[in-house]
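Visitor: I have a model open and would like to learn how to read it. Could you walk me through a few features?

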Amino acid sequence: MKLYRNLTILLGCCLSALTLFSQQTLELDYYTPKEYEVGGITITGADHLDHPAVIQLAGIAVGDKIVIPGDKIAEAIDNLWQQGIFDDVKIVVDKIVAKTIFLKYEFVCKPRLATYRFAGITRSEETKVKEKMKIGMGDVVTENLKLNCQNTIHDFFVERGYYDVTSEIEETKDTSTTRNDVNLTFNIKKGKKIKIKDIIITGNETSDSIYENTVFFKQVFNRIAGKSPMSDGFIRSKMKETKVYHWWRVWKSSRYVANDFESDKTAIIDRYNNKGFRDATIISDTVYSVTVPKYWIGFWNKLWFVKENTKQRLVVEMKIHEGQKFYFRNITWIGNTKYSSEELSKRLRIKSGEIYNKKLLNDNMTYDPTGTDISSLYMDDGYLWFNVRPVEVNIIGDSIDIEMRVFEGKQAKIRNVGLEGNTLTNDYVVMRELRTLPGDMFSRDAIIRSVREIQQLSYFDAEKINPLVKDDVDKGVVDITYQVVEKSSSEFNVSGGWSEYAKFMFSGGITLTNFSARKFFKKDAWRPFPAGDGQRLGLQVATNGRYYSSLSVSFTEPWLGGKKPTALSVSIFYSNTTDPSYGYWGTSDTVIWSFGVYGASVSLGKRLTFPDDYFTLVQGISFLQYNNKNSPYIAYFENGTANNINYNITLARNSVDQPIYPRMGSEFSISGQFTLPYSRFNGKDYETLQKEEKYTEIYKWIEYYKIHLKANWFFNIAGDLVLNTRAKFGFLGQYNKKVGYSPFERFYLGGDGLNAYNGMDGREIVAMRGYDANTDVISPSTGATVYDKFTAELRYPVTLNPTASIYVLGFFEAGNSWADFSQFSPFKMYRAAGVGIRLFMPMLGQLGIDWGYGFDKINGVVSGSKLMFSIGQSIE
């Protein structure tokens with residue numbers, strides 16, 4: 001094709017001249033070329049192309065002066081050839097009028113793609129290959145395009161273990177059109193998937209112990225002998241992607257992928273380096289195919305038989321040069337003036353005689369998640385341009401002297417702080433949460449803390465918050481811009497259900513987490529609701545007609561007055577439950593029993609700076625009124641009105657890194673709820689009232705105190721794998737034994753925490769997977785006054801996309817509850833274990849499914865398997 005194009009360029013003028021004679025007779029004198037003005041250009045053979053664009057690409061326009069014979073025609077042909085879309089290009093003279101010449105471009109276009117399909121692969125494979133090939137209808141079909149497609153197919157299947165894959169392209173004319181279009185069929189022969197049979201490693205020193213095949217003893221004897229602890233099995237374990245095939249390893253494939261193998265080799269050398277083998281390297285590696293026997297066992301005609309076959313497998317070989325093992329000897333510092341060498345050595349945490357570990361050295365110099373590295377010491381005090389470079393200055397035997405060359409630089413101040421990407425949330429809502437303010441000294445810790453505070457708002461994608469730092473060395477200042485991506489954080493839920501007892505039940509609600517009350521009366525702000533000021537508004541309703549109805553409204557202003565982080569929260573709520581036989585769903589016109597709750601609460605929350613600024617203190621007052629008429633669900637209080645006015649206080653510390661999928665940090669809280677001890681000053685004879693069972697009089701003003709303790713830890717084990725451990729304790733106390741424990745505000749352990757009676761009489765239903773709610777064994781029928789619960793969860797994310805974050809978990813938990821504190825036995829537990837999945841969607845909140853197995857007996861029968869659901873809350 002290149003030869004043809006070059007010949008066409010060289011002979012462009014001659015070809016044009018020859019064509020001239022077929023169009024119009026023209027005498028050419030190569031010694032005396034003539035100049036013409038282009039009067040017009042026509043195009044044939046390229047109807048689907050934009051003609052003005054083609055003319056522009058050629059480089060000859062109407063009105064241009066060209067010389068014939070001359071180079072202009074050859075240059076135009078070359079320009080058109082370079083587009084790669086033509087099989088043939090000719091420029092001919094259509095006619096000449098005096099000194100005006102009219103040209104015609106004649107093309108034979110390369111075929112274009114009409115359709116393409118695959119043969120020999122599955123539909124799912126076809127979809128994935130299409131995504132990688134990135135071709136479509138109308139593309140010019142060239143040899144290069146075909147080759148790229150075949151290479152893509154080859155690479156795709158090789159990555160999946162099909163090393164013998166081949167492909168052929170069948171090209172056919174598209175008869176459905178008169179254009180020069182073609183259809184392509186990719187005929188693919190995948191062959192059989194070839195797995196890795198063995199990974200052979202040589203060069204790693206090993207012991208000749210009789211425990212050769214026992215990894216633990218092998219490493220022990222190697223250490224005693226002064227040899228490398230890197231056994232074959234240990235090295236293979238560090239290869240995360242390249243694995244030997246075993247039938248039981250269903251979670252990991254055993255295919256060979258070149259890029260993954262390179263990553264595994266790097267991991268091996270890193271491991272050697274961390275063990276003191278600074279000169280370790282992989283001298284050579286190779287991969288080759290072997291044939292291994294394959295046996296089939298069958299039964300036919302009353303006889304067992306064994307059939308032998310063969311299959312292809314891969315063998316990976318590596319030869320390692322370990323080199324000598326080294327140790328740290330002397331570590332000295334130069335260039336440091338801010339901190340003494342003793343202070344820096346103490347913070348470096350490496351002593352003479354320790355194994356030479358470059359990774360440990362770099363981590364302790366530059367970044368340790370706990371903030372105890374050398375860089376944090378300087379950069380948290382404004383030294384943005386600080387740098388330390390370790391240099392090996394002396395090697396004696398197996399010991400290395402390190403000289404730490406420090407460049408402190410000057411301190412940097414923050415000049416400007418900005419925000420980008422907040423298309424909905426107002427700037428001040430985010431800026432007031434930041435720990436980096438103009439005029440402050442630069443601090444890396446303050447930036448990390450600011451990112452955490454932005455994540456806690458839940459208005460932005462936690463994985464895409466990026467602090468962009470631009471420094472001006474000459475002026476000694478920095479500008480910090482926090483780049484964010486908005487996400488929907490509000491929740492809307494509607495649900496309905498049917499049961500024989502409650503009939504149809506409807507519930508719905510909305511929680512606006514970034515509400516703006518000041519825009520409430522602005523018509524243009526309702527898109528779909530006023531937003532951007534960081535306020536929280538919640539509305540929940542539920543009903544099934546006359547039998548049951550409830551309503552709650554809440555509002556939170558996180559920065560009361562706009563100057564300090566003092567949160568004001570107010571709420572009102574109402575619920576009413578009646579006899580199911582009454583009203584629309586029943587047959588009775590008389591209410592047999594009913595129970596109503598009315599209430600309101602107000603609280604103020606404040607962020608503390610002592611003991612540290614992760615602490616908060618929340619105080620509030622709540623009022624509830626219970627109206628009971630013969631309800632069978634409230635112990636010791638069948639009729640009358642009970643009032644509950646309580647003061648509540650919560651001291652909490654929250655250092656969790658983000659709300660949706662935390663990886664590190666902890667939450668602790670201690671809270672109390674206290675009523676007045678009415679029985680101590682109202683002069684009533686409660687002993688007589690108890691004997692006469694005048695419970696309406698006893699509990700007209702409810703008295704109690706209630707204590708909660710909660711602890712929650714998150715540990716980032718590796719990558720995104722997180723261990724979450726939790727502990728909870730609750731206690732309901734009494735002021736006067738003659739009054740006894742309040743029949744309200746009790747604890748019920750078991751189930752998923754979703755219960756029609758949750759909160760009806762102030763009760764708290766504590767979720768316990770693996771066990772049903774309302775069992776008289778885990779919790780007394782009248783409710784418990786004390787409980788404890790412990791949980792351990794191992795979590796791993798499937799996706800952390802802001803539109804739908806999903807993670808899976810495995811759990812073990814144990815708990816119990818007791819009617820009286822005198823019965824409290826903290827280690828007598830009901831135990832359960834299981835698995836679950838959590839889905840967080842912005843408008844629906846958190847949805848969860850858990851399968852739990854209760855190991856202990858309830859009424860003589862093991863609780864066994866239980867499936868539980870959660871909506872809008874987590875099972876804790």
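This is a predicted model: local features need pLDDT of at least 70, side-chain atom pairs count only at pLDDT 80 or more; totals for chains, interfaces and linings use all residues.

Visitor: Which way do β12 and β13 run, and how many bridges join them?

Guide: Two strands pair if DSSP finds at least two bridges between them; strands themselves are DSSP runs (E, at least two residues), helices are runs of H or I (at least four), and both are numbered from the N terminus. Here strand β12 (residues 387–396) runs antiparallel to β13, with 9 bridges, and Pro-390 sits opposite Met-404. Strand β11 (residues 327–334) is parallel to β13, joined by 6 bridges.

Visitor: Is β13 mostly covered or open?

Guide: Buried means under 20% relative accessible area, exposed over 50%, and partly exposed in between (1.4 Å probe, protein chains only). In strand β13 (residues 399–407), 7 of 9 residues are buried, so it is mostly covered.

Visitor: What is the strand order in the open sheet of 3 strands?

Guide: The order is β5-β7-β6, with mixed pairing. β5 (112–119) and β6 (166–173) are at the edges with a single partner strand each, so one side of each has no neighbour in the sheet. β6 and β7 (residues 181–189) run antiparallel with 8 bridges, and Glu-168 faces Asn-187 in β7.

Visitor: Which strands does helix α6 lie across?

Guide: Angles run from 0 to 180 degrees between N-to-C directions, using axes fitted to C-alpha atoms, for helices over the stretch in contact; contact means heavy atoms within 4.5 Å. Helix α6 (residues 143–158) lies across β5, β6 and β7, at about 145 degrees to β6.

Visitor: How much space lies in the second largest pocket?

Guide: Rolling a probe the size of a water molecule over the atoms shows where empty space is left. On a 1 Å grid over the protein atoms alone, a pocket is an open set with protein on both sides within 12 Å along at least five of seven lines, and lining residues have an atom within 4 Å of a point. Volume is the space filled by probe spheres set on the points, joined across faces, edges and corners. The second largest pocket holds about 770 Å³. Among its 27 lining residues, Tyr-367, Pro-369, Ile-448, Asp-657 and Met-664 are the closest to its centre.

Notes:
Residues are numbered from 1 along each chain as its sequence is written. Side-chain values use heavy atoms; hydrogens and water are left out. On a 1 Å grid over the protein atoms alone, a cavity is a set of points where a 1.4 Å probe fits but cannot get out, and a pocket is an open set with protein on both sides within 12 Å along at least five of seven lines; lining residues have an atom within 4 Å of a point.
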